[in-house]
Amino acid sequence: MARVRLDAAERREALLRAAVGRIEAKGVAAVRIADVAAELGVSNALVLYHFATKEQLVAAAFAHAAEEDLARLRRVLGRRTTALRRLRAAVRWYAPTGQAKGWRLWIEGWAASLREPALREVAGALDREWKAALTRVIAEGVAAGEFGCPDPAASAWRLTAFLDGLAVQTTAYAGALPRATLLEWADGALARELGVASFEAAGAGAGAPSEAAEDAVEGAAPGPEAGSAPPSSPQTSS
């Protein structure tokens, strides 16, 4: 069978997917141009045509994978519901027990970015995007009188640091904490930042919706994308 010829964008996409798979399986340090090329049955020269160095390939793969989770975050935060419900859904989705897929990739990226400036720049930009999205929705909730928060940006930083720390612990030590405990802690951290005694009393109870229900809501009544002002990793991945 003749090989299907891909255009430049499709080829780049395939290379990035292959690189993400190698990172998730072996870690950043073990990724080689030759392995990515072999996985797709192409030459090293073709990979180097799109990415001049391994460092450029890894940084682009990380950004490509994380953008998938960031796009989902924008949809969650852009729903047509209260800021409190959107924030709770986002925190529960982003938490280590949620649907965000990129935790292993993020942790690999954080470690490698200490040595690789290109990756550090990409990881930092994605992290700022996530914090900006949270900050904006917290500020919306304050303006609407849903809750009180004197410094939305500081709250976004503290929430991110808390959830990132939980993710590192649970990724490194699988099964260390029950899912129910992690969700309770995530809810508690958000409630404290927003000055909410309980989500039920504030009208954001009933737990986090299922993945299928979330997708149905997004499909039926998509809100304005949260990335249209400064936005939202995650996160995350492929």
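How many aromatic pairs does the structure hold? The structure holds one, counting rings of Phe, Tyr and Trp (its six-membered ring) whose centres lie within 6.5 Å. Please keep in mind that this is a predicted model, in which local features need pLDDT of at least 70, side-chain atom pairs count only at pLDDT 80 or more, and totals for chains, interfaces and linings use all residues. Residues are numbered from 1 along each chain as its sequence is written, and side-chain values use heavy atoms, with hydrogens and water left out.

**The aromatic pair**
- The ring centres of Tyr94 and Trp130 are 3.9 Å apart and the planes lie at 10°, so the pair is stacked (planes under 30 degrees apart).
- Tyr94 belongs to helix 5 (residues 83–94) and Trp130 to helix 7 (residues 117–143), so the pair ties together parts 36 residues apart in sequence; helices here are DSSP runs of H or I, at least four residues, numbered from the N terminus.
- Both Tyr94 and Trp130 are buried (under 20% relative accessible area, 1.4 Å probe, protein chains only).

**Thr170**
- Thr170 sits in helix 8 (residues 152–172) and, at 18% relative accessibility, counts as buried.
- A polar atom of the Thr170 side chain lies 3.3 Å from the backbone oxygen of Ala167.
- Apart from neighbours within four places in sequence, Thr170 is in contact with Pro96 and Leu182 (heavy atoms within 4.5 Å).

**Helix 1 and helix 6**
- Ile23, Glu24 and Ala25 in helix 1 meet Arg104, Leu105 and Glu108 in helix 6.

Technical notes. Helices (H or I, at least four residues) and strands (E, at least two) are DSSP runs, numbered from the N terminus. Buried means under 20% relative accessible area, exposed over 50%, partly exposed in between (1.4 Å probe, protein chains only). A polar contact is a pair of N or O atoms within 3.5 Å; within protein, one must be able to donate a hydrogen and the other to accept it, and residues adjacent in sequence count only if both atoms are side-chain atoms. Rings of Phe, Tyr and Trp (its six-membered ring) pair if their centres lie within 6.5 Å; planes under 30 degrees apart count as stacked, over 60 as edge-to-face and the rest as tilted.
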